[in-house]
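Biologist: I'm new to this one. Could you show me how to read a helix and a pocket in it?

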Amino acid sequence: MSAAQARSAELERLIAEDPGRFRMLTGDRPTGRLHLGHYFGTLHNRVRLQDLGVETYVIIADYQVLTDRDVADSLTEHVEDLVLDYLAIGVDPQRSTIFTHSAIPALNQLMLPFLSLVSVAELNRNPTVKDEIAHSRQSAVSGLMFTYPVHQAADILFCKGNLVPVGQDQLPHLEVTRTIARRFNDRYGNGTPVFPQPDALLSGAPLLLGTDGTKMSKSRRNAITLAAGADETARLLKGARTDSERHIAYDPVNRPEVSSLLLLAALCRHRTPEEVAEEIGTAGAAALKRTVTEAVNEYLAPIRARRSEYAQDRAFLRRTLREGNERARAVADATLAEVRAAMNSHY
């Protein structure tokens, strides 16, 4: 972990010096609308890197939700919601390629040679896969879920991505990608690497808790989505869990719920949680919730306005996705042709 943090610090320096040397792959599964935890955890950072000049690919991993029947039945709606959220927060389709997994056949064809480079035992040991299986709430685990790390390797390597913003829990997935890239180069590269070994750019974003005091999550229904209106946000925050102490202080260890709310207000107002806590003082939880509600609604107002505007033009959403898919397909086709040539299977 310390090595990954040190490398991330070095990557930030290199990005500042020459952002054009990097190609970033990032994205989400279309399981519902994105929320504040997503925004401050990853989305804000994606836009920052895009604006710095890092070449950006944003994948909507629709194939990776086929394991969840309830989600798969509303896939079109979920995909369009993601595109709306991306555009609203500032992902620019002229500078970033937004595309769907299922629309890129050549990307998915990379799965077979990549699967030949990892063992079942290696997949079985992956802690991220184990955690996903444990929380899948399914009586039987499909083969698709078991191969998620290899699928993600294809996502990253089809565009020869060399930068992947991740949280700590995703490091094992990225290590599988690095292993596959290294083994493919060793076996088929003939001294010339076909794929880069991508680096993890660790997010320094702190964890935001949901309104019930547990991890903010779409599935737990404890999150404030980017699309939520001001009144809905106020209602959700009014019911947020706090504690009985009137004096408001930032103490993540002993007062996690209060501290998470302070952190949220601080992020929205570009201040420190301690400064927000000092302003509230002994006014209690009601004052804390009012402060957080005002901060969140002020911060999200322009994002919500842009989202509402884009939502009126569904043709633009479809065009954005269609053009992104076309660009991604061209890149994937070229990579697959290179892979076939390296494997002597380019007939």
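Modeller: Keep in mind that this is a predicted model. Start with helix 15, which bends by about 45° at A301. A proline, P302, follows within four residues of that point.

Biologist: How many residues does helix 15 have, and how far does it reach?

Modeller: Helix 15 covers residues 284–311, so to speak 28 residues. From first C-alpha to last, helix 15 reaches 39 Å, close to the 40 Å expected at 1.5 Å a residue.

Biologist: Which way do residues in a helix point?

Modeller: An α-helix has 3.6 residues a turn, so residues three or four places apart point the same way. In this model, look at T293, which is found in helix 15. A polar atom of the T293 side chain lies 2.8 Å from the backbone oxygen of K289.

Biologist: Is T293 buried or exposed?

Modeller: T293 counts as buried because its relative accessibility is 13%, and the cut-off for buried is under 20%.

Biologist: Now the pocket. How do you find empty space?

Modeller: Rolling a probe the size of a water molecule over the atoms shows where empty space is left. Here, the second largest pocket holds about 180 Å³ of space.

Biologist: Which elements give two or more residues to the lining of the second largest pocket?

Modeller: Those are helix 1 (2–17), helix 11 (171–188) and strand 5 (199–202). Helix 11 gives the most, with four residues. The lining includes R7, E175, R178 and D199.

Biologist: And how many of the lining residues are nonpolar, polar or charged?

Modeller: Six are nonpolar, four are charged and none is polar.

Technical notes. Residues are numbered from 1 along each chain as its sequence is written. This is a predicted model: local features need pLDDT of at least 70, side-chain atom pairs count only at pLDDT 80 or more; totals for chains, interfaces and linings use all residues. Side-chain values use heavy atoms; hydrogens and water are left out. On a 1 Å grid over the protein atoms alone, a cavity is a set of points where a 1.4 Å probe fits but cannot get out, and a pocket is an open set with protein on both sides within 12 Å along at least five of seven lines; lining residues have an atom within 4 Å of a point. Grid points are joined across faces, edges and corners, and a volume is the space filled by probe spheres set on the points. Ala, Val, Leu, Ile, Met, Phe, Trp, Tyr, Cys and Pro count as nonpolar, Asp, Glu, Lys and Arg as charged, and the others, Gly among them, as polar. The expected span of a helix is 1.5 Å times one less than its number of residues. The bend at a residue is the angle between axes fitted to the seven residues ending there and the seven starting there. Buried means under 20% relative accessible area, exposed over 50%, partly exposed in between (1.4 Å probe, protein chains only). A polar contact is a pair of N or O atoms within 3.5 Å; within protein, one must be able to donate a hydrogen and the other to accept it, and residues adjacent in sequence count only if both atoms are side-chain atoms.
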